[in-house]
Amino acid sequence: MAEQKKAPLLKKEEEYVKALEGFIAPEKDQVVLLLDYDGTLAPLTEELSVMPKDTEINIKKLAANEKIFMVVFSGRELSEIKNHLKFPNVTYAGNHGLEVEYPSGKKFKIEMPEELLEKHNKLVAELKEKVVCSGAWVEDKKISVTYHYKGVTDKLKAKLIAEAKGLIQSHGFQLIETPYALEGKPRVNWDKGEGAKMILEKQFDADWAKNLKIIYVGDDTTDEDAIKVLHGIGKTFRVSELPTLKTYANYQIKTVEEVGWLLKAIQANYEKKKKI
């Protein structure tokens, strides 16, 4: 059974190459890239931010490759992430996979229970009203919510954290504590793991796990659900600066910029093919 533990931290470009060594056979393998956006491909900010230039260059190359099926996940609405990136060959998964649009234009959407949506919206509104100040902000992920307090001074931090914890729990959400953030997750059977499985089953078939080479990269506790599902199936990477991080992932990546090294290492497999 999968357990969260300390994963090897990749520190140099050549370590990314080694981590993928022998994993991809460019001429025959169908590769799947499952990539979170905020905090993984681009810095996490209140508004959508741009990717580092090297990341953008390699994303475009990989997305244009017919042997690669690329999915970009976001906790934001589908239209927001799609309109921000505008890459034609990418499958977009908004709201953690509750809304999905394929490059063909085909879409599907899972409706959450109205009662749950109402509880979620009330929690988001109350957090914004009562604990957003002095650099703290609320990330509305539609099915979950994150209260970020990294920029808050030590003088105010304890008071705001205590109040935010109380609000999250009082609305019946599961409280998850992470460095510089509190997450409220609804007590329902839906997460990025379920989203990833559904996308792969619809695009491929029920035997997707046997037939695909899958790479997953994410930075959040919500990504751990997908990483757990893919344990022993693909190569998984968790983005975090936390030195004591415990994860289901195979490897830890420290920064958004270093995610660009991973994408470069993936693309290098196809550059080698061209030279042969």
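Visitor: What makes a residue part of the lining of the largest pocket, and which residues lie nearest its centre?

Guide: In this predicted model, a residue counts as lining when it has an atom within 4 Å of a point of the pocket. The largest pocket is lined by 45 residues, and those nearest its centre are Thr-178, Pro-179, Asp-219, Arg-238 and Val-239. The space in this pocket comes to about 1,200 Å³.

Visitor: Why is the largest pocket said to lie between domain 1 and domain 2?

Guide: Because domain 1 (5–110 + 190–272) and domain 2 (114–186) both give residues to the lining, the largest pocket lies between them.

Visitor: Which helix gives the most to that lining of the largest pocket?

Guide: Helix α8 gives the most, with six residues, while β7 (137–140), β8 (145–148), β9 (174–178), β10 (181–185) and β12 (235–239) are among the elements that each supply at least two.

Visitor: What is known of the second largest pocket, and which residues are closest to its centre?

Guide: The second largest pocket has a volume of about 260 Å³, and of its 14 lining residues Asn-95, Lys-109, Met-112, Leu-117 and Lys-142 are the closest to its centre. Helix α4 (residues 114–130) contributes the largest share of this lining, three residues, and domain 1 and domain 2 each provide at least three. By class, the lining of the second largest pocket has six charged, five nonpolar and three polar residues.

How values were computed: Residues are numbered from 1 along each chain as its sequence is written. This is a predicted model: local features need pLDDT of at least 70, side-chain atom pairs count only at pLDDT 80 or more; totals for chains, interfaces and linings use all residues. Side-chain values use heavy atoms; hydrogens and water are left out. On a 1 Å grid over the protein atoms alone, a cavity is a set of points where a 1.4 Å probe fits but cannot get out, and a pocket is an open set with protein on both sides within 12 Å along at least five of seven lines; lining residues have an atom within 4 Å of a point. Grid points are joined across faces, edges and corners, and a volume is the space filled by probe spheres set on the points. Helices (H or I, at least four residues) and strands (E, at least two) are DSSP runs, numbered from the N terminus. Domain bounds come from an automatic or database domain assignment. Ala, Val, Leu, Ile, Met, Phe, Trp, Tyr, Cys and Pro count as nonpolar, Asp, Glu, Lys and Arg as charged, and the others, Gly among them, as polar.
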